[in-house]
Amino acid sequence: MEKRYEKKVLEKGTTIYGDHTNPPIPEGYWYCRGKWNNGYTIRKGFLDEFIWVPIGALEKNGVFKGKLEKFGRRPNLDKPFDESGYYEENSQELEEQFEMIKKYGGIYISRYVISKDVSGRAQSQRREIPWVNISIDKAREVIKETFETEKVGAGVVTASLYDSILELLIELGVKTTDEIVKDSSNWGNFAELPYVKDSKPKLEMTGMHPEYDVIGIADLAGNVGELTLESNTFTKTKATVRGGGYGHCGDYANVDFRSQVSPSGHSAVGFRAVLLVK
């Protein structure tokens, strides 16, 4: 890993976070483009891209394991946690993501929804069909098989990370609160009602609309919903879908929207990978 200074900054709350303006570069990756707060991108080889998410830049706190932290779950605008039926259990991914954020002030997420190559390995690349119809356990497995090394950890997105990203978009002025919790139609591949001839909603390849990118992350709203590691009282599974797919309307299945998914996945639900610098 490239040598970086370890400046520590005391923030409001209970945790000291590392310097989020100085992203670490994992072994086997190289800097590609962007600034720490606007699409800082690293690559593995020449194709797989990951985006820096500067959690330490947040001002508002979420809830992490019952404590107020910048990294943490945030309730929907109109529905508190205790009424939603969704809850976050402790997990290895949650602990590992929190430890990286404490150390470095941020974390890496795949720029694109994960797709698979001809050999069945995971990839974070543009102009590929999203990998759908997959369980959270299988998603975890293929991510680790592809991206995890002795120096780099890998996992699935937790509820705390997903919510922290949405709050970051608001605080950086990238999106308004309404564009996240009410209507995300203007920055994603969503259905439009009523349907007109030759305009039925359809799944698109990854990264086809650069104008929808937020801090470098492609297709966060629309196209496919995204699996997160969050339990719910409805299906009794440790998987919750965030956002909506190409068959939904953005004023219903906005990017903050939570829903259940069958254990085997769904044809309009994909997933992303998270990188951890050890």
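This note goes through the predicted model point by point, from confidence to core, salt bridges and surface.

1. **Ground rules.** This is a predicted model, where local features need pLDDT of at least 70, side-chain atom pairs count only at pLDDT 80 or more, and totals for chains, interfaces and linings use all residues. Residues are numbered from 1 along each chain as its sequence is written, and side-chain values use heavy atoms, with hydrogens and water left out.

2. **Confidence.** The mean pLDDT of the protein chain is 90. That score is the predictor's confidence in each residue, from 0 to 100. A value of 70 or more is reached by 90% of the residues. Treat residues 1-12 with care: their pLDDT is below 50. Beyond near neighbours in sequence, this stretch still has 28 contacts in the model (contact: heavy atoms within 4.5 Å). Where pLDDT is low, the predicted coordinates should not be read in detail.

3. **Overall build.** The protein chain has five helices and 20 strands. These are DSSP runs numbered from the N terminus: helices are H or I with at least four residues, strands are E with at least two. Of the 278 residues, 55% count as buried (buried is under 20% relative accessible area, exposed over 50%, partly exposed in between; 1.4 Å probe, protein chains only). Among contacts between residues at least 6 apart in sequence, 65% join residues at least 24 apart.

4. **The core.** The largest nonpolar core has 63 residues. Such a core is a set of buried Ala, Val, Leu, Ile, Met, Phe, Trp, Tyr and Cys residues joined through side-chain atoms within 4.5 Å. Several elements give two or more residues, including β4 (38-44), β5 (48-53), α2 (92-104) and β20. Helix α4 gives the most, with six residues. Phe147 and Leu220 touch the most other members. Leaving aside residues up to four places away in sequence, Phe147 touches, among others, Tyr29, Phe50, Ile114, Val152 and Leu275.

5. The whole structure holds 19 salt bridges (a side-chain nitrogen of Lys or Arg within 4 Å of a carboxyl oxygen of Asp or Glu). Look at Arg272 and Glu226, which meet at 2.8 Å, N to O. The pair links distant parts of the chain, 46 residues apart. Arg272 is in the loop between β19 (269-270) and β20 (273-277), while Glu226 is in strand β15 (residues 225-228). Both Arg272 and Glu226 are buried. Elsewhere, salt bridges that share partners join Arg73, Asp163, Glu230, Arg242, Asp256 and Arg258 into one network.

6. **Partly exposed pairs.** Lys144 bridges to Glu148, with the closest N and O atoms 3.3 Å apart. Lys144 is partly exposed at 22% relative accessible area, and Glu148 is partly exposed at 32%. Lys182 pairs with Asp178 at 3.8 Å between the closest N and O atoms. Here Lys182 has a relative accessible area of 46% and Asp178 has 42%.

7. **Surface.** The protein chain exposes about 12,700 Å², with carbon and sulfur atoms supplying 52% of it. Accessible areas come from the Shrake-Rupley method with a 1.4 Å probe; for residues, only the protein chains shown count as cover. Trp30, Phe46 and Leu47 form a nonpolar surface patch of about 370 Å² together. Patches are made of residues with over 30% relative accessible area and no salt bridge; like charges are joined within 9 Å, nonpolar side chains (Val, Leu, Ile, Met, Phe, Trp, Tyr) within 5 Å. Trp30 lies in strand β3 (residues 29-35) and is partly exposed, at 35%.
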